[in-house]
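Hi everyone, thanks for making time.

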Amino acid sequence: MAAVIAGAGLLQPDRATGATPAPGTAHRPQATAPDAHAATYPLDCKGAPQTVTDTAQGDLDGDGRPETVAAVRCAAGSGTPPHTIYVLTQDSTPGAPPRVVATLLDAALRRTATTLTVSDGTVTAELLGYSSPSVPRYSPDVKQLAKWRWTAGKFRQELTDSTAGRV
């Protein structure tokens with residue numbers, strides 16, 4: 001009897017969320033976010049390898065399936081190459097690799113992403129950069145907070161600049 005009571009204590013119902021599951025999803029397994037390291041990125045590194053430096057996951061478009069946001073840059077022998085930030089989705093075909101569906105930040109903007117998060121469908125990245133070509137590349141002097149949200153079928157960006165000065 002004691003074993004039955006102890007076992008019953010371990011078996012608890014799922015925590016109530018107050019949300020009603022979408023029709024046809026009540027018994028569907030939870031979708032997993034795409035693996036950023038399994039994706040192929042359209043970043044030209046001139047023969048150098050690519051490096052995923054940060055990732056964040058969340059449902060960005062409200063379809064109930066999580067996407068992955070990945071900060072990717074070329075793996076240089078020295079220095080800090082700029083980042084490109086991509087959004088990945090996972091096709092429903094078993095064994096299909098993740099695919100890039102959006103580019104949020106292009107390497108041509110010459111920004112380095114220091115943080116990357118997803119919360120409430122919003123992607124947030126802290127970016128470091130340079131106010132002019134005369135600023136030494138080892139000392140970024142511009143700090144920006146970039147946010148992207150899926151709206152009306154595309155990502156919309158909000159960018160907040162901080163004052164120029166050494167960061």
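I'll go from the overall fold to the cores, then to a few individual residues and a pocket.

First, the ground rules. This is a predicted model, so to speak: local features need pLDDT of at least 70, side-chain atom pairs count only at pLDDT 80 or more, and totals for chains, interfaces and linings use all residues. Residues are numbered from 1 along each chain as its sequence is written, and side-chain values use heavy atoms, with hydrogens and water left out.

How confident is the predictor? The pLDDT, which is its confidence in each residue from 0 to 100, has a mean of 82 over the chain, and 78% of the residues reach 70 or more. Residues 1–21 have a pLDDT below 50, and beyond near neighbours in sequence that stretch makes one contact in the model. By contact I mean heavy atoms within 4.5 Å.

Now the fold. Among contacts with a separation of 6 or more, 42% come from residues 24 or more positions apart.

On to the inside. Of the 167 residues, 34% are buried; that label means under 20% relative accessible area, while exposed is over 50% and partly exposed is in between, with a 1.4 Å probe and protein chains only. In soluble globular proteins, nonpolar side chains tend to be buried together. A nonpolar core here is a set of buried Ala, Val, Leu, Ile, Met, Phe, Trp, Tyr and Cys residues joined through side-chain atoms within 4.5 Å.

Which residues touch the most other members of the largest core? They are V69, I85, L104, L116, V123 and W148, out of 18 residues. Two or more residues each come from β2 (67–74), β3 (84–89), β4 (99–105), β5 (112–119), β6 (122–129) and β7 (142–151). Apart from this core lies another of 12 residues, including A39, L43, C45 and A70. Click on W148 if you like: leaving out residues up to four places away in sequence, its contacts include I85, L104, V123 and F155.

Let's move to strand β5, where T112 sits. T112 counts as buried, at 15% relative accessibility. Beyond four places in sequence, T112 is in contact with R73, T80, P81, H83, E126, L127 and L128.

Next, some backbone angles. Most residues other than glycine have a negative phi. R110, in the loop between β4 and β5, has a positive phi of about 55°. R110 is partly exposed, with a relative accessible area of 46%. D120, in the loop between β5 and β6, also has a positive phi, near 50°. Is D120 buried or exposed? It is exposed, at 70% relative accessible area.

A loop residue can be buried as well: S139, between β6 and β7, has a relative accessible area of 12%. S139 and G129 are 10 residues apart in sequence and 8.7 Å apart, C-alpha to C-alpha.

Finally, the second largest pocket, which holds about 180 Å³ of space. Its lining includes R65, P66, D91 and G95.

That's my tour, and I'm happy to take questions.

Terms used. 1 Å grid on protein atoms, 1.4 Å probe; cavity = no way out; pocket = protein on both sides within 12 Å on 5 of 7 lines; lining within 4 Å. Points joined across faces, edges and corners; volume = space filled by probe spheres on them. pLDDT = per-residue confidence, 0-100. Helix = DSSP H or I, 4+ residues; strand = E, 2+ residues; numbered from the N terminus.
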